[in-house]
Amino acid sequence: MNDTLMADNIVEQAAAWRAAGRRVALATVVSTWGSSPRPVGSQMAVDDRGSMAGSVSGGCIEGAVAHEAAKTMEDGEPRVLSFGITNEMAWEVGLACGGQVQVYVEAVE
């Protein structure tokens with residue numbers, strides 16, 4: 001599945017959750033530096049029941065992003081999240097991705 005089709009499916013899923021009356025947040029990778037498992041533009045939708053669609057990291061940071069998405073759904077405030085890890089520490093903790101990534105999280109209205 002190409003990235004455009006995958007992104008369309010994530011937005012469609014977010015819209016379906018909103019249509020069902022759920023609160024939803026959309027997280028988008030806005031910048032990367034060094035090694036990053038997902039490119040700029042990658043998205044993940046999260047609903048107020050904890051369901052997720054898409055990926056912003058291949059799993060490395062998605063729990064933290066979902067936690068912040070819950071806060072964004074609650075207060076409506078967008079957030080820019082920054083995650084980074086040195087290549088040396090990445091291997092030490094079992095995360096081969098290393099690098100840095102910034103994720104923008106916004107509520108879907």
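Reader: How many bridges join strand E1 (residues 24-33) to strand E5 (residues 100-108)?
Author: E1 and E5 run antiparallel. Helices (H or I, at least four residues) and strands (E, at least two) are DSSP runs, numbered from the N terminus. Two strands pair if DSSP finds at least two bridges between them. For E1 and E5 the count is nine.

Reader: What is left out of the side-chain values?
Author: This is a predicted model, where local features need pLDDT of at least 70, side-chain atom pairs count only at pLDDT 80 or more, and totals for chains, interfaces and linings use all residues. Residues are numbered from 1 along each chain as its sequence is written, and side-chain values use heavy atoms, leaving out hydrogens and water.

Reader: What pattern does the protein follow, read along the sequence?
Author: The protein has three helices and five strands. Read along the sequence, they give α-β-β-β-α-β-α-β.

Reader: In what order do the five strands form the open sheet?
Author: Pairing in the sheet is antiparallel. The edge strands, each pairing on one side only, are E3 (52-54) and E4 (79-84). The order is E3-E2-E1-E5-E4.

Reader: By how many degrees are neighbouring strands of this sheet turned against each other on average?
Author: Axes are lines fitted to C-alpha atoms, for helices over the stretch in contact, and angles run from 0 to 180 degrees between N-to-C directions. For this average, direction is ignored. The value is 20°.

Reader: Which residue in E5 stands opposite Thr28?
Author: Thr28 also has a bridge partner in E2, Gln43. On the E5 side, Ala25 is paired with Ala107, and Ala27 faces Val105. Opposite Thr28 stands Tyr104.

Reader: Which residue in E5 is the bridge partner of Arg79?
Author: Ala27 stands opposite a residue of E5, Val105. The E5 partner of Arg79 is Val105.

Reader: At what angle to E4 does helix H2 (residues 62-75) run?
Author: H2 lies across E1, strand E2 (43-47), E3, E4 and E5. Its direction relative to E4 is about 165°.

Reader: What is the relative accessibility of Ala53, and why does it count as buried?
Author: Ala53 lies in strand E3. It touches Ile10, Gln13, Trp17, Gln43, Met44 and Ala45, leaving out residues up to four places away in sequence. Buried means under 20% relative accessible area, exposed over 50%, partly exposed in between (1.4 Å probe, protein chains only). Ala53 counts as buried because its relative accessibility is 16%.

Reader: How far apart in space are Ala53 and Gln43, C-alpha to C-alpha?
Author: In sequence, these two are 10 residues apart. In space, the C-alpha distance is 8.4 Å.

Reader: Which residue's side chain joins that of Asp47 in a polar contact of 2.5 Å?
Author: Asp47 lies in strand E2 and is buried, at 2% relative accessible area. A polar contact is a pair of N or O atoms within 3.5 Å; within protein, one must be able to donate a hydrogen and the other to accept it, and residues adjacent in sequence count only if both atoms are side-chain atoms. The Asp47 side chain also reaches the backbone nitrogen of Arg49 at 2.9 Å. The 2.5 Å partner is Arg22.

Reader: What percentage of the 109 residues of the protein count as buried?
Author: Residues 24 or more positions apart account for 52% of the contacts with a separation of 6 or more. The buried share of the 109 residues is 35%.

Terms used. Contact = heavy atoms within 4.5 Å.
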